[in-house]
Structures are given as C-alpha cells and as structure tokens.
Amino acid sequence: MEMNEDIIIVGAGIGGLTTCLGLHRLGLRSLVLESSDSLRVTGFALTTWKNAWRALDAVGVGDSIRQQHMQIQGLQVFSTISGQPTSEISFGGKWGIHEIRCVRRKVLLETLERELPRGSIRYSSKVVSIQESGHYKTVHLADGSVLKTKVLIGCDGVNSLVANWLGLDKPVDSGRSAVRGLVEFPDGHGLEPKFRQHFGNGVRHGVIPCGPTTLYWFLTFAPSVHGVDTEEMDQNPAKMKDFVLSKLGKVPQHIENVFEKTALDCMSCSPLKFRLPWKVATGHIYKGNVCVAGDALHPMTPDIGQGGCSAMEDGVVLARCLGEVLLRKPTREDGEGKDEECYKRISEGLEKYAKERRWRSFKLITTAYVVGLIQESDWKVVRFLREKFLSGFLANLFLRMGDFDCGQLSIS
C-alpha cells in the first residue's frame with residue numbers, strides 16, 4: 001500500500017532531527033525515516049561552538065541542553081613530545097564571547113526527539129530505492145512499504161543513498177582514523193572547564209568536559225603510519241585501548257587516567273572520510289524536490305569540530321527555505337496545476353538552500369582537512385612551525401569557523 005507524506009527526511013541524526021524540528025516550528029509536518037530501531041548515539045559527544053548554539057536556539061532547545069552541559073572557558077594546546085604547553089586562548093578574549101560546550105550526543109538527539117510530535121520518526125525504516133513519480137518521489141523501504149512525497153531530504157550520513165541518487169561522488173578516505181571515548185567519574189573528574197589538546201608523534205588527542213563527572217576524549221591518527229589494522233582494533237577494544245595509551249606521549253598522570261579509566265564498551269574506532277570540496281562546489285546538492293544535508297552533504301574530518309554543528313546550521317536554513325515557499329498560498333487550485341506549482345516552489349526553495357550552504361560547506365571541509373594535516377604531521381619542519389608559530393593560529397581558527405550565524409526560522 002502506498003502512503004503519502006508531504007516531506008520525508010531520511011535519517012534521524014543531528015541534521016535530520018534539526019530539520020524536522022525546524023519545519024515543525026514553522027507548522028510544517030515531516031516524517032523522518034530511520035533505518036535503526038532506535039536513536040543512533042555513536043560518537044558519544046560533540047563539541048558545540050557558537051554557530052551550533054545559534055541553531056539550537058533557533059529551533060527552541062538551546063536552554064534545555066545548556067542546563068545539562070558545562071560551558072568551556074578556553075583551549076589549551078600541548079606538545080606530546082615535550083609535554084609543554086604551546087598556546088592557550090580564552091573563549092572570552094579578543095575574538096569575542098564564544099559559547100562552547102561538549103554535548104553528549106544521546107542528550108542532544110533525545111532532546112530534539114522529545115520536541116517533535118508523536119509519530120514524527122519511523123524507526124526500522126531502511127530506504128532501499130528512490131523513484132521518480134511525476135512531481136513526486138516514491139521511496140521504497142526494505143520492509144516493502146512504499147511512500148510518496150513532495151519533498152525528499154537526505155540526512156542519511158556519509159554513505160547516503162539520497163546523495164548517491166543525486167549523483168554526488170562518494171566521500172573518500174582521508175587515510176586517518178579516530179578513536180573516541182566517554183568516561184564517567186562519579187565523584188567528579190576535577191578538571192578545569194577547558195578543552196585540552198595534544199599534538200605530536202603523528203597523533204592528535206584531546207580531552208574536554210561535558211559536565212562535572214563526564215569527560216569526552218578522542219585520538220586521531222593515520223593507521224598506515226602507525227602500522228595498525230583499525231577493523232581488527234575495533235573488534236578488540238582491549239587492543240584499541242592499549243594502542244591509545246601507547247600514543248599519548250608526555251601527558252600528566254591525571255590526563256592519562258582519563259584514558260585508562262574508560263570502559264571498553266565506551267570506546268569506538270572509525271575511519272575519517274570527507275567529500276572532496278570541489279565536488280560539493282560543483283555537484284548536485286539538490287535536484288528538483290530532493291536535497292541533502294548534514295554528513296550526506298558535507299562529510300568532513302573532525303579537526304575543527306564542525307561536523308555536527310554545521311548539520312544543525314543546515315537544518316535551520318533548510319527549514320526556513322522550505323517554509324518560505326510552502327507556506328505561501330497557492331495560486332492554482334486544480335490538481336495537476338497545483339502539483340506543478342508546488343513542485344516549482346519546492347525547487348525554488350531548495351535552490352536557495354543550496355546557494356546558502358554550498359560555499360559554507362566547501363570552506364568547512366577544506367579547512368578541516370588542512371588543519372588535520374598540520375596537526376598530525378610529524379615532519380620536523382611542520383612540527384617546529386606548529387609548536388612555535390602555528391598552534392595559536394590553529395586555536396583561533398576554531399573560533400573563526402564557529403562564528404557563523406545561520407539565522408532565525410522567521411519567514412518574511
């Protein structure tokens with residue numbers, strides 16, 4: 001049996017739920033199709049910069065999430081080789097006041113879900129194919145269900161089916177991987193509310209508080225350089241933990257304890273992929289009544305902490321652009337004429353969305369990739385420049401990339 005939905009969003013990740021909630025705030029109903037049987041919370045946590053809080057405030061959940069997470073006051077950078085600090089910046093310094101918090105992914109997704117009307121997310125709904133159907137798109141699910149929609153939005157991650165349908169080239173492997181972890185200290189971790197990063201020996205690792213008892217950490221590296229099999233390591237968490245501990249370099253004992261005390265089931269390893277930025281600049285972000293957002297649009301390496309933040313930006317901009325065209329009173333009332341007018345309006349809205357997001361995405365992907373190369377390089381010249389001159393510049397780059405305003409949901 002074929003069911004009709006005005007707007008279908010594929011993927012209940014950060015981008016998908018932000019888009020759905022943005023549309024709901026404007027009075028537009030959408031249905032999110034999620035392939036898994038529950039919210040996906042892999043990755044444990046994410047750093048939310050100024051741009052993310054503007055997006056969360058736009059969809060009305062910023063204050064709720066703030067109350068559950070500590071505000072980070074600054075960034076400290078250290079050398080893993082010498083153990084000495086190379087730079088430190090305050091998040092209230094010359095770049096203005098910046099609100100930065102490390103948000104647990106589970107809390108973020110559950111908060112977004114809680115604000116949606118009942119039935120907005122359909123779980124265990126894996127999309128297997130997309131077909132043209134006049135001015136509509138027909139979506140086929142693995143369970144045999146068929147849905148017909150006026151708007152199809154792909155927020156289905158790095159390996160996006162919707163992006164593939166649009167003809168966007170697949171993301172490429174950066175040659176690097178990341179191990180991420182979350183650790184609880186029931187009696188308090190005692191760390192300052194600062195983002196602490198370490199560079200050197202071909203790795204980058206960092207620790208950042210989510211709250212007084214919870215810490216998030218990461219370590220990025222090139223498997224080929226360090227001679228490890230990441231698939232094997234992901235299947236053997238004990239081996240993964242040993243590898244991480246062996247790559248910390250010179251760090252204080254209380255920082256090493258953060259990694260040491262992490263439970264094996266609170267760690268994960270994954271390859272870092274990104275879409276070639278010129279493919280985003282020239283490729284089909286949208287086509288007619290279909291578009292992509294979040295990692296389906298701009299997968300990037302995590303080196304400037306903007307993957308999840310920019311997905312929230314996408315959600316607000318996309319909801320606003322669709323609201324501007326779908327909330328207009330139609331001029332045609334007859335069946336085929338009305339459908340054609342609606343299709344043209346949707347295409348107009350998605351074209352505007354694509355124009356707003358294309359170059360922002362290009363800039364973020366490019367910056368993240370270059371920063372990652374500099375941060376992890378073990379070449380002596382780069383290492384010297386990084387520790388003596390570039391560390392402060394790179395630290396400030398985090399703030400510049402996060403100082404972006406996606407705007408409000410209000411429609412003129």
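**Entry 1: Ser 82**

I started with Ser 82, which sits in the loop between strand 4 (74–79) and strand 5 (85–90). I kept in mind that this is a predicted model. Is Ser 82 buried or exposed, or something in between? I found a relative accessible area of 35%, so Ser 82 is partly exposed. A polar atom of the Ser 82 side chain lies 3.1 Å from the backbone nitrogen of Gln 84. I also looked up how far Ser 82 is from Lys 126: they are 44 residues apart in sequence and 49 Å apart in space, C-alpha to C-alpha.

**Entry 2: Ser 145**

Next I went to another serine, Ser 145, in the loop between strand 9 (136–141) and strand 10 (146–154). With a relative accessibility of 14%, Ser 145 counts as buried, because the cut-off for buried is under 20%. Which side chains make polar contacts with the side chain of Ser 145? I noted Arg 122, at 2.8 Å, and Asp 143, at 2.9 Å. Leaving aside residues up to four places away in sequence, I listed what Ser 145 touches: Met 3, Arg 122, Val 139 and His 140. Arg 122 therefore turns up both in the polar contacts and in this list of touching residues, with Ser 145 buried at 14%.

**Entry 3: Positive phi**

Ser 124 is not a glycine, yet its phi is positive, about 50°. I placed Ser 124 in the loop between strand 7 (121–122) and strand 8 (127–133), and at 44% relative accessibility it counts as partly exposed.

Asn 201 is not a glycine either, and it has a positive phi of about 55°. Its place is the loop between strand 12 and strand 13 (203–209). Asn 201 counts as partly exposed, at 38% relative accessibility.

**Entry 4: Helix 1**

How many of the residues of helix 1 are buried? I got 10 of 12, so I wrote the helix down as mostly covered, taking buried as under 20% relative accessible area. Among the buried residues are Ile 14, Leu 17, Cys 20, Leu 21 and Leu 23, and also the glycines Gly 15, Gly 16 and Gly 22.

**Entry 5: Aromatic pairs**

How many aromatic pairs does a search of the whole structure find? The answer is six, and I followed up two of them here. The rings of Trp 49 and Phe 91 have centres 5.8 Å apart and planes at 70°, so I noted the pair as edge-to-face. This pair links distant parts of the chain, 42 residues apart: Trp 49 is in the loop between strand 3 (45–48) and helix 2 (50–58), and Phe 91 is in the loop between strand 5 and strand 6 (101–104). Trp 49 is buried at 1% relative accessible area, and Phe 91 is buried at 3%.

The other pair is Phe 195 with Phe 218, again edge-to-face, with 6.3 Å centre to centre and 80° between the planes. Phe 195 lies in strand 12 (residues 194–200) and Phe 218 in strand 14 (residues 214–221), so this pair ties together parts 23 residues apart in sequence. I found Phe 195 buried at 4% and Phe 218 buried at 9%.

**Entry 6: Charges over rings**

The charged end of Lys 148 sits over the ring of Tyr 136, 4.8 Å from the ring centre. Arg 196 lies over the face of Phe 78, at 3.8 Å from the centre of that ring.

**Entry 7: Cysteines**

How many disulfides does the structure hold? The count is zero. For Cys 102, the nearest cysteine sulfur is that of Cys 210, 3.6 Å away; that is no disulfide, because the two sulfur atoms would have to be within 2.5 Å. Cys 102 is buried, with a relative accessible area of 0%. Cys 291 is in no disulfide either, and its nearest cysteine sulfur, that of Cys 155, is 7.2 Å away. Cys 291 is buried too, at 0%.

How values were computed
Residues numbered from 1 in each chain as written. Heavy atoms only, no water. Buried < 20%, exposed > 50% of the residue type's maximum accessible area, 1.4 Å probe, protein only. Helix = DSSP H or I, 4+ residues; strand = E, 2+ residues; numbered from the N terminus. Polar contact = N/O pair within 3.5 Å; in protein donor to acceptor, adjacent residues only side chain to side chain. Phe/Tyr/Trp six-rings, centres within 6.5 Å; stacked < 30°, edge-to-face > 60°. Lys NZ or Arg CZ within 6 Å of the ring centre and 35° of its normal. Contact = heavy atoms within 4.5 Å.
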